[in-house]
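I opened this entry to look up ring contacts and helix packing. My notes follow the model.

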Amino acid sequence: MPGRTSSGAGNLGPDTSIPDKLFFKIGEVSLLVGVQPHVLRYWEKEVSSIRPGKTASNQRRYRRKDVEVFREIRRLLYEEKFTLAGARKRLMSPQQKGVEE
């Protein structure tokens, strides 16, 4: 986002590796995935495998696995042209990738 800076966040992006941290705030995940925070909150409601913890101040705390799932959702939606429902089905059955009969 223009005008916003945070320490260490300048080099985060959808093509960078995920930092070795236990938890990520929604702003960091937004940069790592390449979508706006409101999109992440929407995907979180629609995909049951993403359940972030909350801090005492009710901020979301995402784990590395959540970031990986968000990146996969983004890839399915933007590169593979899936709908969100189709991406959800693909995420629920990864062993069936590429198997069509």
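**Aromatic pairs**

I searched the whole structure and got two aromatic pairs. I am working on a predicted model.

I took Trp43 with Phe70 to start. Their rings sit 6.2 Å apart centre to centre, with 35° between the planes, and the pair is tilted. I then asked where the two residues lie in the chain. Trp43 belongs to helix H2 (residues 37–46) and Phe70 to helix H3 (residues 64–79). They are 27 residues apart, so I logged the pair as a link between distant parts of the chain. I checked burial too: Trp43 and Phe70 are both buried.

Next I noted Tyr62 with Phe70. This pair is edge-to-face, at 5.5 Å centre to centre and 70° between the planes. I found Tyr62 buried, like Phe70. I record Trp43, Tyr62 and Phe70 as one aromatic cluster.

**A charge over a ring**

Which residue lies over the face of Phe23? I found Arg61 there, at 4.0 Å from the ring centre.

**Helix packing**

I turned to H1 (residues 26–33) and H2. They pack at an angle of about 95°, and their axes are 9 Å apart. Angles of 65 to 115 degrees count as roughly perpendicular, so I call H1 roughly perpendicular to H2.

I listed the residues that make the contact. H1 gives Ile26, Val29, Ser30 and Val33. H2 gives Pro37, Leu40, Arg41 and Trp43. By class, I get six nonpolar residues, one polar and one charged.

Notes
Residues numbered from 1 in each chain as written. Predicted model: local features only at pLDDT ≥ 70, side-chain atom pairs only at ≥ 80, totals over all residues. Heavy atoms only, no water. Phe/Tyr/Trp six-rings, centres within 6.5 Å; stacked < 30°, edge-to-face > 60°. Helix = DSSP H or I, 4+ residues; strand = E, 2+ residues; numbered from the N terminus. Buried < 20%, exposed > 50% of the residue type's maximum accessible area, 1.4 Å probe, protein only. Lys NZ or Arg CZ within 6 Å of the ring centre and 35° of its normal. Axes fitted to C-alpha atoms, helices over the stretch in contact; angles between N-to-C directions. Parallel < 35°, antiparallel > 145°, perpendicular 65-115°, else oblique. Contact = heavy atoms within 4.5 Å. Nonpolar A, V, L, I, M, F, W, Y, C, P; charged D, E, K, R; others polar.
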